[in-house]
Amino acid sequence: MAEETQTAVNSEIESPPNERPDGAKERVIFTPPVDIYDSPEGLVLLADLPGVSTGSMELQIQDNKLTLLGRCQSVIPPEARLLHKEYDEGDFLRSFILSEDVDHERITARLNNGVLEVVLPRAPRAAPRKIEVKSE
Amino acid sequence: MAIFRWGDSWETFRDLERQVDRLLNGLTFPIPLIRVERQYPPINLYELPEEYLLTSELPGIEPAELDLTVANGILTLRGKRAAPTNAIDDQFRRHERIWGAWERSIAVPERIREDEVRADFQNGILKVHLPKAPETRPRQIQVIAGNVEGEM
């Protein structure tokens with residue numbers, strides 16, 4: 001338990017889905033690089049998702065698993081001929097296990113210039129309560 | 001460069017072998033096949049009928065912090081990605097993203113209209129449109145017969 005509190009977010013990479021429900025051709029799926037740190041507002045997660053817009057971004061919390069899925073929309077005209085390639089266009093998928101002290105109700109996220117920022121506020125801890133011991 | 005080895009009696013295959021060798025030797029690769037060290041930012045380059053299109057992945061850059069210059073066939077991209085400022089004690093539980101200043105120069109493939117280069121930046125993807133100059137079309141050069149013993 002202490003260990004889990006220490007590392008409030010544990011990364012867990014999911015295997016990419018093999019078939020797309022829309023029948024589209026299989027696309028490359030990347031694990032985006034992330035930064036995770038503590039801020040006064042809570043834990044902050046930053047993920048690089050170049051080419052993903054707010055409309056194509058899905059962020060889901062189920063139980064204590066946070067999953068981010070960003071679909072990249074191609075900006076290349078179909079008639080373009082590739083001369084030189086250093087990166088592939090593709091979708092981004094990554095999942096994290098949240099610790100129990102993250103307040104799920106107050107999680108906020110925004111996407112700006114291809115970077116997703118998720119703020120995970122800590123749930124207020126219950127104040128220590130003295131338990132009176134009575135003798136009979 | 002022989003790539004197939006057959007027995008001596010296979011004369012027809014030897015012909016095929018020679019043909020394949022000739023084909024392979026005749027191929028020229030427009031891009032050097034030796035990969036250089038991975039550079040930042042990654043760049044893709046496309047050709048369209050009227051322009052070259054350069055795209056680059058630059059998540060987290062503010063468009064105002066992006067500096068593009070083009071001169072003498074060299075396109076230079078410069079930028080800076082700021083580190084998060086609200087981290088407590090600058091401690092990171094995970095640190096996989098790159099921050100800091102970077103610069104990269106690219107030789108533009110052919111003559112382009114440098115004064116008409118334009119760029120847009122959306123969702124962390126930079127697109128630079130490099131319109132082709134009309135003089136990149138083949139130009140006939142007239143050969144004038146000169147005096148062989150004329151001045152050099």
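A nonpolar core is a set of buried Ala, Val, Leu, Ile, Met, Phe, Trp, Tyr and Cys residues joined through side-chain atoms within 4.5 Å. In this predicted model, the largest such core has 19 residues. The model also contains an interface in which 44 residues of chain A are in contact with 41 residues of chain B.

**Nonpolar cores**

- Within the largest core, the residues with the most contacts inside it are Leu45(A), Leu49(A), Met57(A), Leu68(A), Phe96(A), Leu116(A) and Leu120(A).
- Two or more residues of this core come from each of the following elements of chain A: strand E3 (34-39), E4, strand E5 (52-62), strand E6 (65-72), strand E8 (91-98) and strand E10 (115-120).
- Apart from this core lies another, of 18 residues, which includes Ile61(B), Ile112(B), Leu126(B) and Leu130(B).
- When residues up to four places away in sequence are not counted, Leu45(A) touches Val34(A), Asp35(A), Ile36(A), Leu66(A), Leu68(A), Phe96(A), Leu116(A), Glu117(A) and Val118(A).

**The interface of chain A and chain B**

- The area of an interface that is lost when the parts come together is often given as its size.
- Here the area buried between chain A and chain B is about 3,600 Å², and carbon and sulfur atoms give 51% of that area.
- Three residues, Glu86(A), Tyr87(A) and Asn113(A), supply 22% of the area that chain A buries against chain B, which is more than any other three residues supply.
- Polar contacts between the two chains amount to 25 residue pairs, with both residues at pLDDT 80 or more.
- Seven salt bridges are found across the interface of chain A and chain B.
- A salt bridge joins the side chains of Glu47(B) and Arg81(A), with an N to O distance of 2.6 Å.
- On the side of chain A that touches chain B, two or more residues come from each of helix H1 (2-6), strand E1 (9-12), E3, E4, E5 and strand E7 (81-84) of chain A.
- Of these elements, E3(A) gives the most to that side, with six residues.

**Asp48(A), a buried residue**

- Asp48(A) is placed in strand E4 (residues 42-48) of chain A.
- Why does Asp48(A) count as buried? Its relative accessibility is 7%, and buried means under 20%.
- The side chain of Asp48(A) makes polar contacts with two side chains of chain B: that of Arg81(B), at 2.9 Å, and that of Arg97(B), at 2.7 Å.
- Neighbours within four places in sequence aside, the residues in contact with Asp48(A) include Pro32(A), Pro33(A), Phe92(A), Gly114(A) and Val115(A) from chain A, and Pro59(B), Arg81(B) and Arg97(B) from chain B.

**Chain B and Gln122(B)**

- Chain B has one helix and eight strands, which follow the pattern α-β-β-β-β-β-β-β-β along the sequence.
- Of its 152 residues, 30% count as buried.
- The accessible surface of chain B comes to about 11,100 Å², and 53% of that surface belongs to carbon and sulfur atoms.
- Among contacts in chain B between residues at least 6 apart in sequence, 49% join residues at least 24 apart.
- Gln122(B) belongs to strand E7 (residues 118-122) of chain B.
- Is Gln122(B) buried or exposed? Gln122(B) is exposed because its relative accessible area is 57%, and exposed means over 50%.
- Although Gln122(B) and Pro59(B) are 63 residues apart along the chain, their C-alpha atoms are separated by 9.3 Å.

Terms used:
Residues are numbered from 1 along each chain as its sequence is written. Chains are lettered from A and ligands numbered from 1 in the order in which they are written. This is a predicted model: local features need pLDDT of at least 70, side-chain atom pairs count only at pLDDT 80 or more; totals for chains, interfaces and linings use all residues. Side-chain values use heavy atoms; hydrogens and water are left out. Helices (H or I, at least four residues) and strands (E, at least two) are DSSP runs, numbered from the N terminus. Buried means under 20% relative accessible area, exposed over 50%, partly exposed in between (1.4 Å probe, protein chains only). Contact means heavy atoms within 4.5 Å. Accessible areas come from the Shrake-Rupley method with a 1.4 Å probe; for residues, only the protein chains shown count as cover. A polar contact is a pair of N or O atoms within 3.5 Å; within protein, one must be able to donate a hydrogen and the other to accept it, and residues adjacent in sequence count only if both atoms are side-chain atoms. Buried area is the accessible area (1.4 Å probe) that two parts lose on being put together, summed over both. A salt bridge is a side-chain nitrogen of Lys or Arg within 4 Å of a carboxyl oxygen of Asp or Glu.
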